[in-house]
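Let's take a walk through this structure together. Keep the sequence and the 3D view at hand as you read.

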Number of protein chains: 2
Amino acid sequence: MKVYHLFSGGKDSSLAAWILSRLGYEVKLVTVTFGVLDAWKYARETAESLGFDHEVMELPRGMLERAAAMCIEDGRPGRAIQFLHERALETLAARRGVERISDGTRRDDRVPFLDLPKARSLEDRFNVAYIRPLLGLGHRTIRELVEKLFLVEIRESEEIKKSDYEVELRHILRELGHDPARIFPKRHLQSRVLGWR
Amino acid sequence: MKVYHLFSGGKDSSLAAWILSRLGYEVKLVTVTFGVLDAWKYARETAESLGFDHEVMELPRGMLERAAAMCIEDGRPGRAIQFLHERALETLAARRGVERISDGTRRDDRVPFLDLPKARSLEDRFNVAYIRPLLGLGHRTIRELVEKLFLVEIRESEEIKKSDYEVELRHILRELGHDPARIFPKRHLQSRVLGWR
């Protein structure tokens with residue numbers, strides 16, 4: 001039972017990967033890049049430290065540029081992050097031999113998040129199972145499990161060595177002459193998993 | 001990490017119990033009765049066969065009577081089942097020493113189901129974590145895991161030896177002179193877990 005799990009190296013996607021492995025799945029971690037930076041290497045470090053298989057999936061730079069345009073138009077990143085996550089899930093689901101896909105999205109997330117019709121549509125269009133191990137857990141349960149399992153580094157988004165969409169999105173916004181600090185929330189603490197506790 | 005898990009002996013609540021145990025929780029199964037029938041004994045059999053601790057929680061008969069009145073008024077059982085499940089969760093959450101509660105509700109369930117505001121309200125009012133291990137799983141994933149794990153008996157609702165709200169609700173409707181077959185869906189297959197595969 002192989003599952004392809006979108007992985008950023010953060011605590012949510014790491015916890016979800018651990019749950020999948022506890023349920024007996026053979027977990028393949030997949031980190032997205034748009035070829036702009038090599039930030040995926042931080043996710044690879046975390047994956048190796050946790051002992052999971054890991055691969056990098058490159059999506060077209062044009063997708064990131066479209067997302068950057070959304071950020072500039074909206075003055076906030078929500079729609080762009082949602083757009084990129086849906087494209088990442090679809091690209092993964094469309095790959096030959098992929099029967100199960102997964103991510104670390106949570107009950108309390110606003111973006112990225114697929115509501116029930118979108119989740120079912122993804123499963124139906126690509127004939128895959130879409131598994132979200134954290135969906136039924138509240139923040140208290142997630143914190144409890146993360147603290148039990150992982151060594152975590154918590155920092156400002158700008159500083160952390162992470163491999164999520166935000167890193168490349170901030171970079172391309174800067175390239176386009178826009179200050180990411182005016183688009184992303186000011187104090188936004190992000191986490192990176194360093195290894196097992 | 002003790003969790004009190006509402007348990008009917010069916011495949012959903014059994015699968016959720018298994019997931020909780022795989023995540024390292026000490027799982028206490030709790031079956032609800034309104035003191036009308038001893039249908040809880042089927043859940044106990046399943047719990048014993050799976051090797052989980054099990055207890056019976058008696059709720060007031062008046063709750064069941066109120067639910068029966070809802071069934072008669074609506075001509076269908078949805079609102080009544082939802083009402084009983086919310087009361088069961090609240091009663092469990094209110095017990096001294098209970099920090100985590102859980103159930104086997106699914107992403108694709110209509111009733112019983114707590115939407116996000118209701119789930120958060122339950123957690124806040126009773127200062128508990130509410131864990132739903134199946135919420136992020138679609139029907140395909142649930143079927144795959146159930147088939148791998150359990151010996152399951154599938155029958156018509158009327159015939160199956162189960163311990164869910166429906167059994168006592170049907171009984172009290174009959175007592176009140178109403179035919180449950182006119183309220184519950186005609187062909188309604190239900191499952192009971194017999195043991196590990």
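**Where the two chains meet**

Start at the interface: 29 residues of chain B are in contact with 30 residues of chain A, where contact means heavy atoms within 4.5 Å. This is a predicted model, so local features need pLDDT of at least 70 and side-chain atom pairs count only at pLDDT 80 or more, while totals for chains, interfaces and linings use all residues. Residues are numbered from 1 along each chain as its sequence is written, chains are lettered from A and ligands numbered from 1 in the order in which they are written, and side-chain values use heavy atoms, with hydrogens and water left out.

The size of an interface is often given as the accessible area lost when the parts come together. Here chains B and A bury about 2600 Å² between them, 47% of it on carbon and sulfur atoms; that buried area is found with a 1.4 Å probe and summed over both parts.

Now for the charged pairs. There are 6 salt bridges between chain B and chain A (a side-chain nitrogen of Lys or Arg within 4 Å of a carboxyl oxygen of Asp or Glu). One joins B:Glu144 to A:Arg100, with the closest N and O atoms 2.7 Å apart.

Which parts of chain B each supply at least two residues of the side that touches chain A? They are α1 (11–22), α5 (116–126), β5 (129–131) and α6 (139–149), where helices (H or I, at least four residues) and strands (E, at least two) are DSSP runs, numbered from the N terminus. The largest share, 5 residues, comes from α6(B).

Definitions and conventions
Buried area is the accessible area (1.4 Å probe) that two parts lose on being put together, summed over both.
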